[in-house]
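Please study the sequence and the model shown here before reading the dialogue.

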Amino acid sequence: MNYTYLTVPQGEKISMGSDGKLRVPANPIIPFIEGDGTGPDIWRAAKRVLDAAVARAYGGARKISWMEVFAGEKSFNMFRESMGDRAWLPDETVDAYREFLVGIKGPLTTPIGGGIRSLNVALRQLLDLYVCLRPVRYFQGVPSPVKKPQDVDMVIFRENTEDIYAGIEWMQGTTECEKLKRFLLEEMKVTNIRFPGSVSLGVKPISKEGSQRLVRAAIDYALEQGRRSVTLVHKGNIMKYTEGAFKEWGYQVATEQFRDRVVTERESWIIANQDKNPTMAPEENARLIEPGYDLMTPNQRQRIVDEVQAALGLMATHGNGQWKKLLLIKDSIADIALQQVLTRAKEFDVIATMNLEGDFLSDALAAQVGGIGIAPGANINYLTGHAIFEATHGTAPKYANQDKVNPGSVILSGVMMLEYLGWREAADLVIAAIDRTISQKKVTYDFERLMEGATLVSCSGFADALIGNM
């Protein structure tokens, strides 16, 4: 398409094939937003590192054609006279990400006041980037507040378009809030709004379709990458018909669409019990997996026995230890998960969860491996191929233009982008260079102040060190 404010470089478009696989040319056009605050500093460093890795990995046979697009404060300052508030996120920027499929961005300032709540959320929703992908791993030598950060190697699939981030809420005292309140109190007969006279109200949408496409993507990833397990994290013990439904829908897609490649945790218990004692009656097996079995009503006991018998129907394909080679599907209550990623990190591998829980988990895990400054992220629609890779931290405006901050988050997001393109050789070069540079203790100020004997380098100096270590 034709653009008024953007310049399209020489290069070719990435496309999605009929087989659902990306078609990546040797010189793909990649839109980028450098970001606000420290964004220009970290983007310059990241671009140099990514270009050097691609050049070295492929001897000049491949090259990214970078296309600058605009959003945030820089965009508003450039286009506010012609676009007004739309200058925060111009239509052409969204169009470019839509046309060229894959892009990357730095941190953005969100406008204060009305209009768009978050530019990041807006991009995710406009392009239906339903997966927020957040891998969290430890680089040896990075300062950490926990004893065994090396145990952390997790990938979070956070649903990106629903939950309370949909922004369906009304302020106390507004006409809309009063209308919804009357509906709840008078028509729905809700009795547990504690202070109805001063309440603000919001809606938490969790859909079956949205939940299952997220879990399906997590399972596909886990199988492709040879991961051990997928954990569905939820607060279904309290929010039974939203987060509880997410869990149930997740198990449904796992057992109906991946039956020969997965085993649920409870199925594994049942099958393991039967492997140990092949003559065990279903009722006996039920007692082993459900400690309160004998205290249940007859109907409750029958449901457990039915569950046991259904699992025993898998013995031909899952029995005799065969289940141990399959992908384990399990679930965890969110508050327990937040505790156990600290105390039992090795028990978690791929995590699939909703928007809010994923936000909490990804930042908490980032702190365990050195902070959000080196936490990469991606927003992906695996059905259309659209993806935007991004630094996950804020703009840190007080450090803008000081060539000081750690560019690791956007560099590692670029690594994720290279992997998504299938350019793993280049991605591996960057990862190896980061490992080597940190082991040499050549680090930016955030790490240098916490590492004994470290050498302080600037943002651009860190990029120099990475390129030198390739």
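The following questions and answers concern a predicted model.

Student: Is E243 buried or exposed?
Tutor: E243 lies in helix α7, which covers residues 243-257. Its relative accessible area is 0%. A residue under 20% counts as buried, so E243 is buried.

Student: Which side chain is joined to that of E243 by a polar contact of 2.9 Å?
Tutor: Leaving out residues up to four places away in sequence, E243 touches H234, K235, G236, M354 and E357, among others. The polar contact of 2.9 Å links the side chain of E243 to that of K204.

Student: What is the volume of the largest pocket?
Tutor: We may begin with the lining. The volume of the largest pocket is about 1,200 Å³.

Student: How many residues lining the second largest pocket are charged?
Tutor: The second largest pocket has a volume of about 460 Å³. Among the 15 residues that line this pocket, E248, Y251, T264, R266 and E307 are the closest to its centre. Helices α7, α8 (265-276) and α10 (298-312) each give two or more residues to the lining. The lining divides into five nonpolar residues, two polar ones and, as the number asked for, eight charged.

Student: Which residue has a side chain in polar contact with the side chain of K247?
Tutor: K247 is part of helix α7. Beyond four places in sequence, K247 touches L232, H234 and D331. At 3.3 Å, the side-chain polar contact of K247 is with E248.

Student: Is K105 buried or exposed?
Tutor: K105 belongs to strand β5, residues 102-105. The relative accessible area of K105 is 2%. Because a value under 20% counts as buried, K105 is buried.

Student: Which side chain makes a polar contact of 2.6 Å with that of K105?
Tutor: Apart from neighbours within four places in sequence, K105 is in contact with residues including I33, Y97, L123 and V410. N120 is also one of the residues in contact with K105. The side chain in polar contact with K105 at 2.6 Å is that of N120.

Definitions and conventions: Residues numbered from 1 in each chain as written. Predicted model: local features only at pLDDT ≥ 70, side-chain atom pairs only at ≥ 80, totals over all residues. Heavy atoms only, no water. Helix = DSSP H or I, 4+ residues; strand = E, 2+ residues; numbered from the N terminus. Buried < 20%, exposed > 50% of the residue type's maximum accessible area, 1.4 Å probe, protein only. Polar contact = N/O pair within 3.5 Å; in protein donor to acceptor, adjacent residues only side chain to side chain. Contact = heavy atoms within 4.5 Å. 1 Å grid on protein atoms, 1.4 Å probe; cavity = no way out; pocket = protein on both sides within 12 Å on 5 of 7 lines; lining within 4 Å. Points joined across faces, edges and corners; volume = space filled by probe spheres on them. Nonpolar A, V, L, I, M, F, W, Y, C, P; charged D, E, K, R; others polar.
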